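User: I've got a model open and want to talk through a few spots in it. Can you take my questions one by one?

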Amino acid sequence: MSSRTKENVCGYLFILPNLISFIVFTAFPVLFSLVISVTDWDMLSDLSSIKFVGLQNYIDIFSDKWFIDSILNNLWFLLIVPVQMLMALMLSVLMDDKVIGKAFIKTAFFLPYVSSFVAVALIWFQLLNPSEGPVNNILKSIGIANPPKWFGSSYWVKPSIAMMMTWKNLGYNIILYTAGLQGIPSSLYESADVDGASAVRKFISITVPMISPVSFFILILSVINTFLMWSNIQILTQGGPGSSSTVIGYYIYKVAFSNSKMGYACAISWVLFAIILIFTLFQWRGQKKWVNYL
């Protein structure tokens, strides 16, 4: 056996555990879910009870009111993504200047991101508790007799979740933007100072275009994470009141593990995959018009 062959064998042996793990826990479940998506299978029964139904699951999806409501709710949460990005960029620019305690402030913003969803959800559940929460107590103290019920209101539940998600993800976006700001050549700002450009003009003409690759990366991740969100919904609202906070990720979980319709849940999952793929391709093509690379 030649030395080159020995090196190749050693290399394959090193990656074998990860390869086996990928096949068993990723590749096989993905392919199995595709097969199951064209069947009617009660998850509580054995595999012999699987009944082939063809594309009927996919046809039923688009007449499913809960699925349509879930998609609309996800699209609503997508509207919050630009707000989160703008807030993160503005805070990053402010902290990139000479700010006392910059490291402490960045750490404080980043802590919610590394905290578990359960902890974050419980904190916000207590903060927005309609009867004993500090937020409503403050609102009552300033004269608002009937403050919102937040997670218990079909009108306020989505803004409540949006506030929580913004608070949790803001620190991660700030870290990314801060790293991007440090990569902007200082000579660009010096040239702008010589030309007499204002701070606003420098932000619009230099900072925003030069930071656009980071913005594109954050946009891609935020859109995908918005479609995949479900754990905070499960903890806080279980999709309620009604279907006002049901998102597609939680609906898949509910169909699969509460209703035991694994075939239908797998079909919804593949439709979700197609939706995310379309959004990602759309953003990837669109980035050519607004993303500037050095």
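User: Is Trp-150 buried or exposed, and what is its relative accessible area?

Analyst: Keep in mind that this is a predicted model. Trp-150 sits in the loop between helix H7 (134–141) and helix H8 (157–182). Buried means under 20% relative accessible area. Trp-150 falls under that cut-off, so it counts as buried, with a value of 8%.

User: What is the phi of Trp-150?

Analyst: Most residues other than glycine have a negative phi. Trp-150 isn't a glycine, yet its phi is positive, at about 55°.

User: Which side chain does the side chain of Ser-243 make a polar contact with?

Analyst: Ser-243 is in the loop between helix H12 (231–236) and helix H13 (248–258), and it's buried at 16% relative accessible area. Leaving out residues up to four places away in sequence, it touches Lys-65, Trp-66, Asp-69 and Asn-73. The polar contact, at 2.9 Å, goes to the side chain of Asp-69.

User: What is the omega of the peptide bond from Gly-240 to Pro-241?

Analyst: Pro-241 is in the loop between H12 and H13. Most peptide bonds are trans. The one from Gly-240 to Pro-241 is cis, with omega near -10°.

Notes. Residues are numbered from 1 along each chain as its sequence is written. This is a predicted model: local features need pLDDT of at least 70, side-chain atom pairs count only at pLDDT 80 or more; totals for chains, interfaces and linings use all residues. Side-chain values use heavy atoms; hydrogens and water are left out. Helices (H or I, at least four residues) and strands (E, at least two) are DSSP runs, numbered from the N terminus. Buried means under 20% relative accessible area, exposed over 50%, partly exposed in between (1.4 Å probe, protein chains only). A polar contact is a pair of N or O atoms within 3.5 Å; within protein, one must be able to donate a hydrogen and the other to accept it, and residues adjacent in sequence count only if both atoms are side-chain atoms. Contact means heavy atoms within 4.5 Å.
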